[in-house]
Amino acid sequence: MSGSRPLAALLRQLSPGGIASLEFYPLPHTGEVRLGRDPSCQIVLDTRVHTGVSRHHAKIEPVPDHLFCWQVCDLNSSNGTYVNGERLSYCRILHEGDRIGLGKQGPMFVFEILPLDVLASLPGANPDAPPPLSPEGYPPPPASFQRVSDIPSSQESSFSTEYRRYGSPSSGRVTFSQLFPIVSTGRDLTRKAYLVPGMVTVLFVVLMFISVGDPAWFNILLAAYLSSAAYFFVYQLCGKHKPWWLLAGSALMTVVLLVSPVLTVFTFVFRQVLPGAIPSKTDSINFMTLLVQMFFGAGLMEELLKSIPVLLSAWVGASFRSARAEQIGVCEPLDGILLGTASAVGFTLVETLGQYVPSIVGEVSFQAGSGLDGELLGLQLLIPRILGSVSGHMAYSGYLGYFIGLSVLKPKYRWRILMIGYLSASMLHALWNTTGFINPIVLALVGVLSYAFLAAAILKARVLSPMRSQNFATRLNHRR
């Protein structure tokens with residue numbers, strides 16, 4: 001392939017037996033070719049057949065400033081991209097004959113370089129038209145053209161290291177997008193750079209500056225920001241997209257329940273009819289009696305109340321069979337965890353801002369001349385309570401949410417699953433409240449245990465998820 005014959009690079013899909021098909025995909029000298037299940041990709045894989053392929057799985061693009069040189073890059077796919085059986089950690093230069101696999105057992109393509117006239121003679125090609133992905137046609141190679149497969153491995157290794165570090169060889173020209181990166185990042189700013197969390201942080205910072213001198217508003221803003229950060233952490237661990245308004249609605253519904261007569265009914269049933277009376281810190285009571293009281297008066301009562309938004313969403317998902325209902329309903333354990341932890345955020349905000357902080361402020365204010373600052377103590381209490389919700393209310397409610405979602409997947413064992421989840425989440429809650437009366441070290445151990453239960457439920461839910469191939473959290477386990 002020397003002289004002035006124009007060359008063309010292409011991908012050809014292989015059959016499961018490794019036989020090249022007649023269908024081929026020409027590669028352009030400018031721009032990228034994406035492979036995935038999303039209709040916007042240039043090479044679209046059938047969603048029903050290739051379930052292990054991500055929506056945007058991999059891309060093939062020419063290497064800047066290197067004629068007839070292409071590379072394949074993995075796009076943070078769930079199941080990885082392989083070249084000749086070796087999994088990519090980022091990008092890799094392609095040689096003629098390289099086999100590209102989307103996933104370990106997924107569809108496979110072979111990379112080929114052919115003269116343009118040979119490409120035009122292949123079955124299905126239009127000899128009168130340029131390749132579909134390169135309207136300008138392929139330019140002839142220079143007389144000194146050297147094929148990628150002829151580049152010594154040591155030279156390629158050096159080039160690959162340099163390209164991965166700088167994006168293009170350091171000897172190349174400086175481009176406008178390199179000098180002004182923001183003009184070329186596009187959707188990656190919102191998808192990969194945590195732009196939205198950054199914007200939210202800036203907004204809360206400005207509002208807190210405005211509210212300095214007004215302790216009530218400052219505490220509300222700080223509590224809202226800290227709880228949002230804690231929830232964002234859990235959301236990233238779950239790795240499933242859920243409408244923000246649905247998650248906010250779950251928290252808001254719990255807030256409404258807490259300020260409505262429903263709380264009075266719950267308190268009467270669990271703390272007066274059942275043995276759930278909450279003792280004061282001055283009461284002398286043995287551990288087992290205290291544990292029983294906390295199990296009924298805090299565990300069973302509060303976990304049932306926080307689970308109402310989750311159960312309602314599960315009912316919606318089961319009653320209305322539509323894509324919309326599946327989006328807002330609980331169809332799997334991850335849905336239950338996301339809605340359960342969101343509900344816990346609402347509960348924590350009301351309990352902290354409406355009960356604990358005002359209580360300590362009022363207690364210190366009553367002790368006139370004590371030299372204590374009630375507002376400062378309230379702020380000091382607020383921060384650990386909100387941040388600790390990951391191993392507190394969010395842990396219990398998320399754990400129960402896992403079982404609610406699991407009962408949807410396993411309807412035959414629904415009531416057994418729900419009962420085990422309800423009792424175990426309530427017991428974790430009761431242990432936390434009980435050890436708080438005993439020793440802070442034991443309290444910390446229970447907090448770690450509660451978070452471990454939640455994290456284990458999230459990991460198991462990701463394995464059980466019918467949408468596992470689209471889960472963005474599984475990318476955290478890939479080598480970079």
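These legends describe close-up views of a predicted model.

**View 1. The five-stranded open sheet.**
The strands of this open sheet run in the order β4-β3-β5-β6-β9. Their pairing is mixed. Strands β4 (43-44) and β9 (91-93) stand at the edges. Each has a single partner strand, so one side of each lacks a neighbour in the sheet. Strand β6 (residues 70-74) pairs with β9 in the antiparallel sense, over 3 bridges. Within that pair, C73 stands opposite C91 of β9.

**View 2. Strand β5 and its two partners.**
Strand β5 covers residues 58-62. On one flank, strand β3 (residues 33-36) runs antiparallel to β5, joined by 3 bridges. Here L35 has A58 of β5 as its bridge partner. β5 also runs antiparallel to β6, with 5 bridges joining the two. I60 has V72 of β6 as its bridge partner.

How many of the residues of β5 are buried? The count is 5 of 5, so the strand is largely enclosed by the rest of the structure. A58, I60 and P62 point one way from β5. K59 and E61 point the other way, and these too are buried. In a regular strand, side chains alternate between the two faces of the sheet.

K59 is found in strand β5. Is this lysine buried or exposed? K59 counts as buried because its relative accessibility is 16%, and the cut-off for buried is under 20%. Its side chain makes a polar contact with the side chain of E32, at 3.5 Å.

Strand β11 (residues 108-115) is mostly covered, with 7 of its 8 residues buried. Strand β1 (residues 7-14) pairs with β11 in the antiparallel sense over 8 bridges. In this pairing A9 stands opposite I113 of β11. Strand β10 (residues 99-102) also runs antiparallel to β11, and 3 bridges join them. There, I100 stands opposite F109 of β11. β10 and β11 form a hairpin with 5 residues between them. G103, in the turn, has a positive phi of about 95°.

Helix α6 (215-238) has 24 residues. From its first C-alpha to its last it reaches 34 Å, close to the 34 Å expected at 1.5 Å a residue. Its buried residues include N219, L221, L222, A223, L226 and S227. Further along α6, A230, Y231, V234, Y235 and C238 are buried as well. G239 follows α6 and has a positive phi, near 75°.

Helix α7 (residues 244-258) has 15 residues. It reaches 22 Å between its first and last C-alpha, close to the 21 Å expected at 1.5 Å a residue. L246, L247, S250, A251, T254, L257 and L258 are buried in α7. They cover an arc of only 145° around the axis, which puts them on the same side of α7. An α-helix has 3.6 residues a turn, so residues three or four places apart point the same way. W244 and L252, on the other side of α7, are exposed.

**View 3. The largest nonpolar core and a separate one.**
The largest nonpolar core has 51 residues. Which of them touch the most other members? They are Y231, C238, L247, I337, M394 and Y402. The elements giving two or more residues to this core are α6, α7, α8 (261-273), α9 (287-319), α11 (333-366), α13 (393-409), α14 (414-435) and α15 (440-464). The largest share, 10 residues, comes from α9. Leaving out residues up to four places away in sequence, Y231 touches L247, L338, T341, A342, V345 and M394. Another core, of 23 residues, lies apart from the largest one. W70, I100, F109 and F111 are among its members. In soluble globular proteins, nonpolar side chains tend to be buried together.

Methods. Residues numbered from 1 in each chain as written. Predicted model: local features only at pLDDT ≥ 70, side-chain atom pairs only at ≥ 80, totals over all residues. Heavy atoms only, no water. Helix = DSSP H or I, 4+ residues; strand = E, 2+ residues; numbered from the N terminus. Expected span 1.5 Å × (residues − 1). Buried < 20%, exposed > 50% of the residue type's maximum accessible area, 1.4 Å probe, protein only. Arc of directions from axis to C-beta. Pairing = 2+ DSSP bridges. Polar contact = N/O pair within 3.5 Å; in protein donor to acceptor, adjacent residues only side chain to side chain. Core = buried A, V, L, I, M, F, W, Y, C linked by side-chain atoms within 4.5 Å. Contact = heavy atoms within 4.5 Å.
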